[in-house]
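Here is a short briefing for a reader new to this structure. Please look over the sequence and the model first.

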Amino acid sequence: MKRTLIVVDMQNDFIDGALGTKEAVAIVDNVKNKIREYADRGDEIIFTRDTHHEDYMETNEGKHLPVPHCIKGTYGWEVADGLAVPGAIYIDKPSFGYTEWKDYDLQDVEMVGLCTDICVVSNALMIKALYPEINVRVDARCCAGVTPESHEAALTTMTMCQVEVVR
C-alpha cells in the first residue's frame, strides 16, 4: 500500500514570520523527523504551500485576515529550511483547502503542518470526504494551531470525522 505524507504549509510566514507562533516554531524538528522517516522508506511526500499574490488584501481572505502572508516568491512563502527532500511534490493552493486531491492516488495518508485549525483540518476533511475508505491520520505532535485551544478543537473535529489523531 502506498503511503503519503502531506506536509501542510510549513512555510516561513507561518513558523516565525508574519503569522508565526512559538507553537509553530516548536514543531519544526518533529516535522523534520517525520519527513525523514517517510523519505527513508521511499514513500510519497507532498508539500502544500499557501500561495497568495500582491492583491491579497483585496481578496475575501485578506479582508478577514488583513495580514499579508505567503506572497508567492517571497521568503515568507518558502517552505522552511531543512524540510525539502528530493522527489517531493509541491502544491500551491490559493485557499485553506486544496480542491484537487481527487487527482492523486491516495491510499494511506498522514498529515502534519500548519495551522491545525485552518489548513490541516480543511485538507484532512476534504481528503476523508473524497476517499472515505482510506486511513487518514494527523500527527498532533507535528501540528500547531493559531492558538493551543483552537488546535485542540480542530483535533477533536477531525476525530469526530474519523480522521485518526496520533498524539
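**Strands**

β1 and β2 pair in the parallel sense, with five bridges between them. Strands pair if DSSP finds at least two bridges between them. Helices (H or I, at least four residues) and strands (E, at least two) are DSSP runs, numbered from the N terminus. This is a predicted model: local features need pLDDT of at least 70, side-chain atom pairs count only at pLDDT 80 or more, and totals for chains, interfaces and linings use all residues. Residues are numbered from 1 along each chain as its sequence is written, and side-chain values use heavy atoms, with hydrogens and water left out.

**Strand pairing and cover**

- T4 stands opposite E44 in β2.
- β1 (residues 3-8) also runs parallel to strand β4 (residues 108-114), and six bridges join the two.
- V7 stands opposite V112 in β4.
- β2 and β3 run parallel too, joined by five bridges.
- D50 stands opposite K93 in β3.
- Five of the six residues of β1 are buried, so the strand is mostly covered; buried means under 20% relative accessible area, exposed over 50%, and partly exposed in between (1.4 Å probe, protein chains only).
- β2 is mostly covered as well, with six of its seven residues buried.

**Aromatic rings and a charge**

- The structure holds four aromatic pairs.
- F47 and Y90 form a stacked aromatic pair, 5.0 Å centre to centre with 5 degrees between the planes.
- This pair links distant parts of the chain: F47 is in strand β2 and Y90 in strand β3 (residues 89-93), 43 residues apart.
- Rings of Phe, Tyr and Trp (its six-membered ring) pair if their centres lie within 6.5 Å; planes under 30 degrees apart count as stacked, over 60 as edge-to-face and the rest as tilted.
- F47 is buried, with a relative accessible area of 0%, whereas Y90 is partly exposed at 31%.
- Ring pairs also link Y98, W101 and Y104 into a cluster.
- The charged end of R41 sits over the ring of Y38, 4.6 Å from its centre.
- A charge sits over a ring if NZ of Lys or CZ of Arg is within 6 Å of the ring centre and within 35 degrees of the ring normal.

**Loops and backbone**

- D9 has a positive phi of about 50 degrees although it is not a glycine.
- D9 lies in the loop between β1 and α1 (12-15) and is buried, with a relative accessible area of 0%.
- Q162 is another residue other than glycine with a positive phi, near 65 degrees.
- Q162 is in the loop between α5 (148-160) and β6 (164-166) and is exposed, with a relative accessible area of 64%.
- G42 is in the loop between α2 (22-41) and β2 (44-50) and is exposed, with a relative accessible area of 61%.
- A cis peptide bond joins L114 and C115, with omega about -25 degrees.
- C115 is found in the loop between β4 and α4 (116-130).
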